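Visitor: Hi, I'm new to this one. Could you walk me through it?

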Amino acid sequence: MVRAVPGTLIQCDEAVMQIIRELDQSLQNKVVIEYLDEKNVFVKEEYVTLIQNRVAEILEDQTYRVNDEAQK
């Protein structure tokens, strides 16, 4: 019997895909429904906001910012 699971398709680059994989592993594989290829993943829709927040947090931490005072 076929069982439908509501989800959301996320298209991303490899770096963001790695973040999603790590998040999925840390939550005992509850986030991802199916990895489609290296840039597309189908996730449970209740985790989309969590993924967005986590990706934004990690990318913010990884972003290099030039000190405004150094530019003067």
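Predicted model: local features only at pLDDT ≥ 70, side-chain atom pairs only at ≥ 80, totals over all residues.

Visitor: Okay, let's start with D24. Where does D24 lie?

Guide: D24 lies in helix α1, which covers residues 14-26.

Visitor: And is D24 buried or exposed?

Guide: D24 counts as buried, because its relative accessibility is 4%, and the cut-off for buried is under 20%.

Visitor: Then which backbone nitrogens lie by a polar atom of the D24 side chain?

Guide: There's the backbone nitrogen of V31, 2.9 Å from a polar atom of that side chain. The backbone nitrogen of K30 lies 3.3 Å from a polar atom of the D24 side chain.

Visitor: What else is D24 in contact with?

Guide: Leaving aside neighbours within four places in sequence, D24 is in contact with N29, K30, V31, V32 and Y35. For a sense of distance, the C-alpha atoms of D24 and Q62 are separated by 20 Å, and those two are 38 residues apart along the chain.

Visitor: You mentioned N29. Where does N29 lie?

Guide: N29 lies in the loop between α1 and β2. Q28 is found in that loop too, and β2 itself runs over 32-37.

Visitor: Which is it for N29, buried or exposed?

Guide: N29 counts as exposed because its relative accessibility is 52%, and exposed means over 50%. Q28 is exposed as well, with a relative accessible area of 56%.

Visitor: What is the phi of Q28?

Guide: Phi of Q28 is near 55 degrees, a positive value in a residue other than glycine. N29 has a positive phi too, of about 60 degrees, and is not a glycine either.

Visitor: Why point that out?

Guide: Because most residues other than glycine have a negative phi.

Visitor: Got it. Switching to strands: how do β2 and β3 pair?

Guide: They pair in the antiparallel sense, over four bridges. A hairpin joins β2 to β3 through two residues.

Visitor: Which residue in β3 is the bridge partner of V32?

Guide: V43 is the bridge partner of V32. Setting aside neighbours within four places in sequence, V43 is in contact with a list of residues that includes P6, I10, V31, V32, V48 and I51.

Visitor: What about the largest nonpolar core, which residues touch the most other members?

Guide: I10, I20, V41, V43 and I51 do, out of 16 residues in that core. At least two residues of this core come from each of α1, β3 and α2 (48-62).

Visitor: Which of them gives the most to this core?

Guide: α1 does, with five residues.

Visitor: What does the N40 side chain make a polar contact with?

Guide: With the side chain of Q11, at 3.2 Å. Beyond neighbours within four places in sequence, N40 is in contact with L9, I10, Q11, M17 and Y35. Y35 is also among the contacts of D24.

Notes:
Residues numbered from 1 in each chain as written. Heavy atoms only, no water. Polar contact = N/O pair within 3.5 Å; in protein donor to acceptor, adjacent residues only side chain to side chain. Contact = heavy atoms within 4.5 Å. Buried < 20%, exposed > 50% of the residue type's maximum accessible area, 1.4 Å probe, protein only. Core = buried A, V, L, I, M, F, W, Y, C linked by side-chain atoms within 4.5 Å. Pairing = 2+ DSSP bridges.
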